[in-house]
Structures are given as structure tokens and as C-alpha cells.
Amino acid sequence: MLDPYKVREDFPILKRKINNHNLIYFDNAATSQKPRQVIEAIEDFYTNHNANVHRAVHTLSQEASELYEGAHEEVAKFINAKNMAETIFVRGTTEATNLVAYAWGLRSLKRGDEVVLSLMEHHSNIVPWELLSKIIGFNVKYADVNADGTLNYEDFESKFSSKTKMACVGHVSNVNGVVNDVKHLVKVAHENGALILVDGAQSVPHLPVDVKDLDVDFLAFSGHKMLGPTGIGVLYGKEEILEKMEPFHGGGEMIKEVSFNPATGRCRITWNDLPWRFEAGTPDISGGVGLMEAVKYLKKIGMQNVKEHEEMLTEYTVKYMRECEKIKIYGPKDLSAKCGIIPFTVEDLSSHDVALFLDNCGIMIRSGLHCAQPLHQIFKLQSSARASFYIYNTREEIDRFMEVLKEITQI
Amino acid sequence: MVAIEDYVARIEGTCGEEKDVIVIFKYDKKDDAIAKILKKAKVEKSISGIIFELTFNGISFRIYANGKAIFRGVKNKDELNKTLANLLV
């Protein structure tokens, strides 16, 4: 079982006061706080091991390379990938989605093909495909969402045809925390001959995720939402699919050889092995080191414990909120398939007012559309407030949050 | 010469169809800014000394004691700057 009070000792920022109140951080779906282990690992890298990776014979470069490769291996084990060739380090989920769209989609999709998305997607899973469809001319189809914010599975299935080449869905909604049945969605995609890209930005930090068990073709996630630094994320891809793909960015690191042929006047280029083929230029080495430490930290706690802790906090909060007439929660009533993300509104108040009032009391939540405007259109909302939890949050923090929320409803 | 920039640290446009604008005052100038604004704008409502609901030249906005304000229905950046200048300068 997870002890949040022990965990909190590792997070220096949680000792901060905001507006003379103890900091309560409930904006974890946007980014998580960082434990001292991650901060110290980054500091140690720059203090003792900093050098560019690969193709140097000196000691520091070898140390940096070992750390950076070790980070890939650690991440691969964390999601149960076959090996580190399947884990490409990118800037975050957005870059991972763009990588698939451009490195796979640009060469594999043609006019008339179809890509299936859902209306509950984060904009980062919508915009790359809409952009690419303007270049290639394929169609983008959106699966519907039920009134309670869950995915309409029947509608999802109905969107597939012989023209469907790719499906892209979020594992967990960043707006309402709904956990989609990815195994089922993968089955549907594969039965229809399509690949599937899963946005794991809100699942990998909060649930046990096993890419072999889920059988996903691609999985994208961000380091900063799982205790790691900003600017580093991961694209998992099945090795056999990645091997067939052309690179996304060109430059150093991603090539084996660039040889000039005087006869043709051109350069002949051979690509590097996986995963480096998709990591052009000097990578974010310290980010990788920080992410490795974050993964080790989460593994030590155990992802099942992380999941259960957040479920407990969610249940506790929702029960409290339901007692308050002026607070409306969005999402399914059944909390069994839900992560620790709670979207809500307070009668007669904009979400920004709610967030500012809470901020005044040292409580950080998010307000707005959370980069998921289509889902807000379904809820008929101009914006919503969102509280989201992580391993260091406690029931006492929720008590204080609810105390302030009740004050807000008196306005 | 006093300028808006002497008081304002950041202006953030919120996402959402409401198009609220959040003005964040400089920490060391926030009390001064709030005092100036309270003198010029009409206080419609004061809530626990934390939030002030105000109107000024037909624009409604809220100021929070921690130095942040939400302006509603401001047409554009020029209108916001003009309003802030009238309130602060």
C-alpha cells in the first residue's frame, strides 16, 4: 500500500507556501511534481557525467551513453516492451503522435484512406492527423462519446471500413479520467486491418501498462506527467513496424553513413539502428536520465499501488462533491473505470473564477478546456475546472479543498 | 511616468469560449494596484475580502486579493490596455 506521507518527504516543492497557505497541488494531469531523486539525478549528470552521447571514445561520453541507453532500457522494461529498440525518446506525447503521423502516415496513407479518432481525444491526437489529411487527402472519422463522457464503443466499431488504416485513441481521458478498454479497441482495429496508436499520457503515469498484453502498435507518453522532467517523452512502437518506417527528422545520430557519390553528385544515406533512427541530433540526455529515475521511483512504489491510491482519492472526493448541490461533476457515475481526474463546475461561476479562488488558498487546479474542446462541446460546457491527483496527494488535502469549494459555493 | 507595465506582470488569455482575460499583477505592486483600482471602479460586491466584483466603463471584472484579475468580454488587447491604463495610470 502506498503511504503518501512518506512519499511527500521526497518532494521538496510540497513544502512551499502559496499565499501563506500550504501548497495543495491538484493539477497533476497537466504535469506532476518531481521527487528529489529525479532532481538529484539530473544534477549528478551535469555535475559528473555530462558529455554528448555515442561515437566518442572518451570516458565522459561513454558514461553519458551508458546512462542514456540505460534510460531506454529502464523505460522498455517499465511498459514491458520487447527491448529498447522499441522505445524512442521524443519531447513528449505530442511529438510522438506527430512522429507516427509523419514518419508512418506520410508514406502509408493515400487519398481516400481513413483514420479513426474519437471525440474524447486531446488536441495533440487530433491536430497532427487533421494537418496531414490536408496534405494527403485521407478522411478523418470521429467516434462518438456517450453523454456521460465514456467512449461509444459501437460507434467506434462502426467507423471502420476496408479503407481504415489507423486508429488513434486515448487510453485515459485527460478531461474526465475515463479509462478506455484499449484491449478491445486494439482488437477492433486489428480485425479491420488497421494499426492503432494509443495516447498513454494519462495512463502510463497512473496505471500498470503492458504493451505486449495490450498488443498496441504504438503508445505515446510524456515524462513530465510521471515525475520526470519536461521535454522528454516516449514513443513505443512494435519493432517490426518501426523497422519499416522512414525517419521523422534528419540529422546526426540517426544515420549510419552519409557517403558522397561523385558519379551521381548525391549523398547515399543509410539509417541507424532502432531506436536512434528516430532520434536525430543531440538528444535530451539529462531528460532521459531524469526519466529513468522517475521510472525507478514509480516501480519501487508499484503501479498497482499508484492506481489504488488514486482510486481511493477519487472516490473520496466525488462522494464529498456529490453532497454539494451547486457542484456538478462530469463523467461516468460508475467510478470503477476511472482515473484520478475530476472535471467539475460550480453553479454561476466560471471555471477560471473557481481556480483563482482556490489559488488564493494555495490550491492549484486547472481551468479551461484542457486541450479537449470537442469533449466540452458534448458536455455543452464553455470550460470546466479540473482536479487531478497523484501519489503525494492525501485525504487531508481533499478535506481542505472541499472546505474552500464549499466557501466558493456560498458566493 | 507610470505605465501599465509597472503593475502588470502577465496577461493570459484563457481557453474556452468565454474568452476571459486574466491579468496578473506584479507581486510587489499588487496591493498598490488593487487599491488604485478599488478607488476608480465601482465595487458591485465584495466577498470575504478575497474577491471584488467590479465594473468600470461598462466592463465587468473580478479582482482577487492575491493580485489576479479576470476581465470578461473584453473585445481586444487595445480595449484591455486602455481599461488598465485608465485604472492604474
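Author: Before we start, helices here are DSSP runs of H or I with at least four residues, strands are runs of E with at least two, and both are numbered from the N terminus. This is a predicted model, in which local features need pLDDT of at least 70, side-chain atom pairs count only at pLDDT 80 or more, and totals for chains, interfaces and linings use all residues. Residues are numbered from 1 along each chain as its sequence is written, while chains are lettered from A and ligands numbered from 1 in the order in which they are written.

Reader: What pLDDT does chain B average?

Author: The average for chain B is 88, and 96% of the residues score at least 70, where pLDDT is the predictor's confidence in each residue, from 0 to 100. The model as a whole scores ipTM 0.78 and pTM 0.92.

Reader: Switching to the interface, how many residues of chain A are in contact with chain B?

Author: On chain A 13 residues are in contact with 16 residues of chain B, contact being defined by C-beta atoms, placed from the backbone, that lie within 7 Å. Helix α12 (residues 351-360) of chain A gives the largest share of the chain A side, six residues.

Reader: Now for chain A itself, at what angle do helices α4 and α5 of chain A pack?

Author: Helix α4 (residues 93-108) and helix α5 (residues 123-136) of chain A pack at about 30 degrees, with their axes 9 Å apart. Axes are lines fitted to C-alpha atoms, for helices over the stretch in contact, and angles run from 0 to 180 degrees between N-to-C directions. The two helices α4(A) and α5(A) are therefore roughly parallel, a label for angles under 35 degrees.

Reader: Which residues of α4(A) and α5(A) meet?

Author: Among them are A:T97, A:A101 and A:Y102 in α4(A), which meet residues including A:P128, A:W129 and A:L132 in α5(A).

Key
Parallel < 35°, antiparallel > 145°, perpendicular 65-115°, else oblique. Contact = placed C-beta atoms within 7 Å.
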